[in-house]
Amino acid sequence: MSNFETYLTSRMTGDDSHTLAAYKKNGGYATLERALKEMQPADVTEAVKASGLRGRGGAGFPTGLKWTFMPDPAKDPRKRYLAINADESEPGTCKDRVIMDEDPHGLLEGILLACYAMKCEASYIYVRGEYRHQYDRTAAAIVEAREAGLIGKNILGSGFDCEIHMHKGAGAYICGEETGMMESLEGKRGHPRPKPPFPAGFGLWGQPTTVNNVETIFNVPFIVDKGAEWYRTMGSESSPGNFLVGISGNVNKPGVYEAPLGTNAKELLEADHFAGGVPEGRKLKAWFTGGSSTGMMSADTIDVAMDHDSVKAAGTMLGTAAMIILDDSQCVVRAMQIIARFYDHESCGQCSQCREGCQWLHQIFKRIEDGQGRDGDIDLLTSIGNGMAPGKTICALADAAAIPAHMMVKHFRAELEEHIRDGGCKINKTGKYAPQSAPEPAEAQA
Ligand SMILES: Cc1cc2nc3c(=O)[nH]c(=O)nc-3n(C[C@H](O)[C@H](O)[C@H](O)COP(=O)(O)O)c2cc1C
Ligand code: SF4
């Protein structure tokens, strides 16, 4: 599919695409102005609902429906907030950074439209701490928009008031989980909250709050401008619109690409206008559909449409649509050990299943890779994973850690067995890539 309409990346050209001047030259904020004049807040929600837009933060929840969970302001006079999730810490995921870098005003216009629709008086953008450049670009855009009367009191003379604030995270994956993020925004340790209550009933400072991902909200001005019918001409029936796919690992052209949802993963990997294939004539060995938490799939599953239903039917999730590609020179056990180490490090420790489970998964994958795997380790991995997820803990980090372990056993059992039988990793024993398993961070620093 080389001929398709692009819109998400349409303004990301030139060195000044992040400025208000460039954004306005491309018709920026005209949709907000029109909506404030001609549309009721409920009309905006209705347009988003009719478009079928699904959240791009990982779970694919219908955005318009989520907005309707906010209580009726006539019955519930509390303040209302929109929290924008720009934590983007899922390994492999790097699409929101492109939006904040190249088109921050598009994000701000989406936020203002969403706040108008849900009658929120303020929005908080929670940006991962490592994204300094993206933070600065977005903060500068907020200053420009405020000076132009687009943020603050009586926006464009419409009587609509809305503030936008930014907050820097401090490098914790768990602060991307929506309730961990709200705790962190409130100045507390980023420990996820038990649910219910859900954010729409009890969110930031106990007020009704909607949490949306950057890319989700970035879609909103396009939908309000061009309509739900136009939006549904792209993508698939249950996953309409285009998405930003991050493709990394062993590919010729790693990067973030725009494509209609439902584009075949094989095409995204191989086509010249996308990642351009696996380099140096090597073969695909394993791939992730949407960040590390979706788990590794074997090469024979690559011929799948990248939309929520098709990927689910293939046994995994679309997640953040961050494809990570491993070629046949890589050891999947080593890759899995690194992922398990990440979740072990990032578990907040509130739930014993997650705290202990993540630690044990890491330890077992490490010993298998290091040649100290034991008979029964594979069953043990499955049993630990079963004890962690799904739905047994306060948040889904435990699922995010258990799913890759299950996928590893399902798709690469033979490699695990071989490592246990042969006393370690053949690839890494050659010394070509690493003499042993990936060093622990402390070892690496020493
Ligand atoms: C451990 C964990 C980490 C998460 N990290 C992110 C993240 O970095 N960015 C994000 O948008 N959503 C993340 N999510 C999902 C959010 O909790 C939430 O579902 C999402 O921000 C909702 O936005 P959406 O409906 O627009 O997709 C994470 C979830 C979990 C369980
Ligand atoms: S599942 Fe893990 S990360 Fe989530 S609250 Fe429990 S211990 Fe913390």
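This report looks at the surroundings of two ligands in a predicted model.

## Who sits around ligand 1

Let's start with ligand 1, which has 18 residues around it. The ones that come nearest are Gly-57, Lys-66, Asn-212, Asn-213 and Thr-216. As for secondary structure, strand S4, covering residues 209-213, gives the most to this shell, with three residues.

Sorted by class, the shell around ligand 1 holds eight polar, six charged and four nonpolar residues.

The protein backbone comes up several times here. Gly-57, already listed among the nearest residues, has a backbone N or O atom 2.8 Å from an oxygen atom of ligand 1. Glu-88 puts a polar backbone atom 3.0 Å from a ligand 1 oxygen, and for Ser-89 the distance between a polar backbone atom and an oxygen of the ligand is 3.4 Å.

How much of ligand 1 does the protein bury? On its own, the ligand exposes 610 Å², and the protein buries 88% of that.

## Over to ligand 2

Where does ligand 2 sit? Its place is in the largest cavity. There are 13 residues around ligand 2, and those that come nearest are Cys-348, Gln-350, Cys-351, Cys-354 and Cys-395.

The class breakdown of this shell reads nine nonpolar, four polar and no charged residues. For ligand 1, by contrast, the shell has six charged residues.

How values were computed
Residues are numbered from 1 along each chain as its sequence is written. Chains are lettered from A and ligands numbered from 1 in the order in which they are written. This is a predicted model: local features need pLDDT of at least 70, side-chain atom pairs count only at pLDDT 80 or more; totals for chains, interfaces and linings use all residues. Side-chain values use heavy atoms; hydrogens and water are left out. A residue is near a molecule or strand if one of its heavy atoms lies within 4 Å of it. A polar contact is a pair of N or O atoms within 3.5 Å; within protein, one must be able to donate a hydrogen and the other to accept it, and residues adjacent in sequence count only if both atoms are side-chain atoms. Accessible areas come from the Shrake-Rupley method with a 1.4 Å probe; for residues, only the protein chains shown count as cover. Helices (H or I, at least four residues) and strands (E, at least two) are DSSP runs, numbered from the N terminus. Ala, Val, Leu, Ile, Met, Phe, Trp, Tyr, Cys and Pro count as nonpolar, Asp, Glu, Lys and Arg as charged, and the others, Gly among them, as polar. On a 1 Å grid over the protein atoms alone, a cavity is a set of points where a 1.4 Å probe fits but cannot get out, and a pocket is an open set with protein on both sides within 12 Å along at least five of seven lines; lining residues have an atom within 4 Å of a point. A molecule sits in a cavity or pocket if more than half of its atoms lie within 2 Å of its grid points.
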